[in-house]
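I am opening a notebook on a structure that is new to me. The entries below record what I looked up, in the order I looked.

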Amino acid sequence: MKAHRPTPPAHCSFDPEDWLRLARCWHPVARACDVDNKPHKAVLLDEPLVLYRINGQAVVARDACPHRGVPLTLGFHDEAGIICPYHGLRFGEDGRCNRIPASPDQPIPAKLNLMTFPVEERYGLVWTCLAPDTDNPAPLPTMPHWHDAAFQQINCPPFDVNGFAGRQVEGFLDVAHFAWVHSATFADPDNSQVPDYSPQETDYGFTADYWSSVSNYPSGAENRAPPDFRWLRRFEMHLPFTATLTVHFPGEDRLVIMNAASPVSARKTRMFAPIARNFDLHIPVGEVHAFNLRVFEEDRLMVETQRPERLPLDLTLEAHIPADRSSIAYRRGLKKMGFGEFFLV
C-alpha cells in the first residue's frame, strides 16, 4: 500500500487549499450495503475511487490500475480480489497486488499496490478520508440513536444534486423555508413565522434547538399531536458537510435524519440520508425512502438554482434575516476552519 501524497487531482474544481482542508475530513462515499466484492465506482473531491470488499472488509482506492492507469471499475472480481480488465492484475486486501498473469513467478513490487485510503463503516455508510492528518485526525460525525436497540435503522438510496455541498447543507439547516418549500410533504403554508432560536457552538460545529408549532407528520396524515404541542427540532452540525436533525414527536417518539452531503466536486453533491426512528415501525421501508426523497426533491430546485453557486463566507456579500441564525453559524464555522470565501476555483 502506497503512502498517499495529498495533492488535488487533475481538473480539480476546488481551490487547492480548500481541497486539502476538505481532504482531511471524513466523507461518505457509498452505502455499506451497496459495496460487495465487485468494483463499485465513487467520486470524492474530484478524485475517482473504486470500492470493493475482500473477506468482508471494505477497500477504498484510487480508481486507476498502477500498471497502465485503466479504471478498475471497468474490471471484475473473483474471490481473491478485483481484476484489471487490461492485463489481469488482481488486487486484494489493503489494495495489494496479488497476481500478475503475464509474469506469475515474478515477486510483486510494492509499486503495483493500489493507492488506498482509510475506511470506516458507520451508520450504514462507507466513509473515507483522502488526506488524513495523523497529528490532528478529524473525527467522524456522530448520529443520535443509531445504535439504540429500540430504534429502526434505515438507509435511503443516495441521490445526486447538481450544486455545492455547502449550499445543500445550509438548506437542510434552514427553518424559514418549511412553509414555502415543504408544504406538500409536512409543513403548513399558513405557519411561516420563525420563533427565536440560538445556535450554540461546539467542538465539531454547533447545535440549534428550534421549537415551533410546525408539525412533522406527513401532510394529509392523521395529526397525533395535541393542539398546543410544541415541536423540538434539534440540529447538530458536524463541519463541514454533515448534519443531523432529531425531531421530538409527542411522548418519547423520535426521528433522526442524517444529512451527509458528499462533495463529488465543487458543483455536484451525492446525498446520503441514514434515518433512525422508534415509532411507526410497521410502515414499509420503501415508503420511508419515497417520503424522504420527496422532501429532498422539494429542496433540489432551490439548491441547483442558487447564485452564486458558491457559498459566500463573507457575511456582507448576502442579506440576512433573524431566521438565518443557523446559516450564519454555519458560515462562521467554515470560516473558522480556514476555508476561503467561495471554495470554487
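**Entry 1: ground rules**

I am working with a predicted model, in which local features need pLDDT of at least 70 and side-chain atom pairs count only at pLDDT 80 or more, while totals for chains, interfaces and linings use all residues. I number residues from 1 along each chain as its sequence is written, and side-chain values use heavy atoms, with hydrogens and water left out.

**Entry 2: salt bridges**

I looked up salt bridges, each defined as a side-chain nitrogen of Lys or Arg within 4 Å of a carboxyl oxygen of Asp or Glu. The structure has 22 of these salt bridges.

I began with Glu 120 and Arg 122, whose side chains form a salt bridge at 3.8 Å, N to O. I then checked accessibility, where buried means under 20% relative accessible area, exposed over 50% and partly exposed in between, with a 1.4 Å probe and protein chains only. Glu 120 is partly exposed because its relative accessibility is 30%. Arg 122 is partly exposed too, at 29%.

Next I took Arg 167 and Glu 170, a salt bridge with its closest N and O atoms 3.9 Å apart. Helices (H or I, at least four residues) and strands (E, at least two) are DSSP runs, numbered from the N terminus. Both residues, Arg 167 and Glu 170, sit in helix α2 (residues 165-173), 3 residues apart, or about one turn of the helix. Are Arg 167 and Glu 170 buried or exposed? I found both Arg 167 and Glu 170 buried. They also belong to a network of salt bridges that links Arg 167, Glu 170, Glu 318 and Arg 331.

Glu 201 counts as exposed because its relative accessible area is 59%. Lys 336 is exposed as well, at 64%.

**Entry 3: pockets**

I looked up open space on a 1 Å grid over the protein atoms alone, where a pocket is an open set of points where a 1.4 Å probe fits, with protein on both sides within 12 Å along at least five of seven lines, and lining residues have an atom within 4 Å of a point. A volume is the space filled by probe spheres set on the points.

The largest pocket holds about 770 Å³ of space. Its lining has 33 residues, and those nearest the centre are Asp 203, Tyr 204, Leu 239, Pro 240 and Met 337. Two or more lining residues come from each of β1 (27-31), β13, β14 (205-212) and α5. Which element gives the largest share of this lining? I found that α5 does, with 5 residues.

The second largest pocket holds about 600 Å³. It is lined by 31 residues, with Asn 216, Leu 255, Ile 257, Phe 291 and Val 295 closest to its centre. Helix α4 gives the most to the lining of the second largest pocket, 7 residues.

**Entry 4: a sheet**

Strands pair if DSSP finds at least two bridges between them. Strands β6 (residues 81-83) and β7 (residues 90-91) run antiparallel and are joined by 2 bridges. I noted that Ile 82 has Phe 91 as its bridge partner in β7.

**Entry 5: aromatic pairs**

Rings of Phe, Tyr and Trp (its six-membered ring) pair if their centres lie within 6.5 Å, and planes under 30 degrees apart count as stacked, over 60 as edge-to-face and the rest as tilted. I have 9 aromatic pairs by this rule.

Tyr 123 and Trp 146 are edge-to-face because their ring planes stand at 90°, with the centres 6.3 Å apart. Both Tyr 123 and Trp 146 are buried. Phe 164 and Phe 241 form another edge-to-face pair, 5.8 Å centre to centre with 85° between the planes. Phe 164 lies in the loop between β12 and α2 and Phe 241 in the loop between β15 and β16, so the pair ties together parts 77 residues apart in sequence. Phe 164 is buried at 1% relative accessibility, and Phe 241 is buried at 2%.

Last, I noted a cluster in which ring pairs link Phe 229, Trp 231, Phe 249 and Phe 279.
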